Amino acid sequence: MSEIKNSDIKVVGAPAGYEGPGFFATQLDKVVGMARKNSLWPLPFATSCCGIEFMSTMSSTYDLGRFGAERLSFSPRQADLLMVMGTIAKKMGPVLRHVYEQMAEPRWVLSMGACASSGGIFDSYPVLQGIDKIMPVDVYIPGCPPRPEQVLDGILRIQELVQNESLRRRSSPEYKALLASYGIE
Ligand code: SF4
């Protein structure tokens, strides 16, 4: 077994800014973005086989904890990333929507796999043909099921969005209009 050296351990880099003896100055947006990016609290809404693939992503081989997102939340009020994985029946739609609405802003949505993103192979009347019919989605992960590497890639893309999001976005007229288009106030 190889020995882990201190030089192998990487810490999150500070955002760009100005520094001198005893001080460091940067923008508030950047500090908040850095903190949010590296401490996502996902809520796994798993209804079928994609959920099993997510369990694999959480396990030691792939270890989602390396990205600061290992603290899963099964309470919408203590989560900022909704991960939808699996087939969503139309009867389940209002439940999923209720979970989304209970999450506080800022919140992000990751749609994992063909079923959550488009209904997948279940092109039939009881299945919701994509969760974007009931809520805005930030990142889609393709596949049936996606491999854990793809899930990690999806998380990295969410992290990119989180890091670069303006603190004002959630109160912007564009964002309010987006929610209004889903009937969410
Ligand atoms: S996308 Fe494929 S693996 Fe994922 S829930 Fe649907 S059928 Fe299962």
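Is the crossing of α1 and α5 left-handed or right-handed? Select both helices and turn the view until one lies over the other. The crossing is right-handed. Keep in mind throughout that this is a predicted model.

**Stop 1: α1 against α5**

Stay with this pair. Helix α1 covers residues 28-37, and helix α5 covers residues 148-164. Their axes are 7 Å apart and meet at an angle of about 155°. Angles over 145 degrees count as roughly antiparallel, so α1 is roughly antiparallel to α5. Now show the side chains of the contact. From α1, pick G33, M34, R36 and K37. From α5, pick Q159, V162, Q163 and N164. Colour the contact by class: two residues are nonpolar, four polar and two charged.

**Stop 2: V162**

Centre on V162, which lies in helix α5. Is V162 buried or exposed? V162 is buried, because 22 other C-beta atoms lie within 10 Å, and 20 or more is the cut-off for that label. Next, select the partners of V162 beyond four places in sequence. They are G33, R36, K37, L40 and W108. Draw a distance from V162 to R36. The two C-alpha atoms are separated by 6.7 Å, though the residues are 126 apart along the chain.

**Stop 3: α2 against α5**

What angle do α2 and α5 make as they pack? The angle is about 75°, with the axes 9 Å apart. The two helices are therefore roughly perpendicular to each other. On the α2 side, select E53, F54, S56 and T57. On the α5 side, select P148, V151 and L152. By class, this contact has four nonpolar residues, two polar and one charged.

**Stop 4: the ligand shell**

Move to the ligand. Which residues surround the ligand? Select S48, C49, C50, G86, T87, G113, A114, C115, G120, C144 and P145. The most comes from α4, with three residues. Six of its residues are nonpolar and five are polar, with no charged residues.

**Stop 5: α6**

Finish at helix α6, residues 173-181. How many of its nine residues are buried? The count is zero, and the helix is hardly covered. Then step on to G183, which follows α6. Check the backbone of G183: its phi is positive, near 75°.

Key:
Residues numbered from 1 in each chain as written. Predicted model: local features only at pLDDT ≥ 70, side-chain atom pairs only at ≥ 80, totals over all residues. Near = placed C-beta within 6 Å. Helix = DSSP H or I, 4+ residues; strand = E, 2+ residues; numbered from the N terminus. Nonpolar A, V, L, I, M, F, W, Y, C, P; charged D, E, K, R; others polar. Axes fitted to C-alpha atoms, helices over the stretch in contact; angles between N-to-C directions. Parallel < 35°, antiparallel > 145°, perpendicular 65-115°, else oblique. Left-handed = near helix turned anticlockwise from the far one by under 90°. Contact = placed C-beta atoms within 7 Å. Buried ≥ 20, exposed ≤ 12 C-beta atoms within 10 Å, placed from the backbone.
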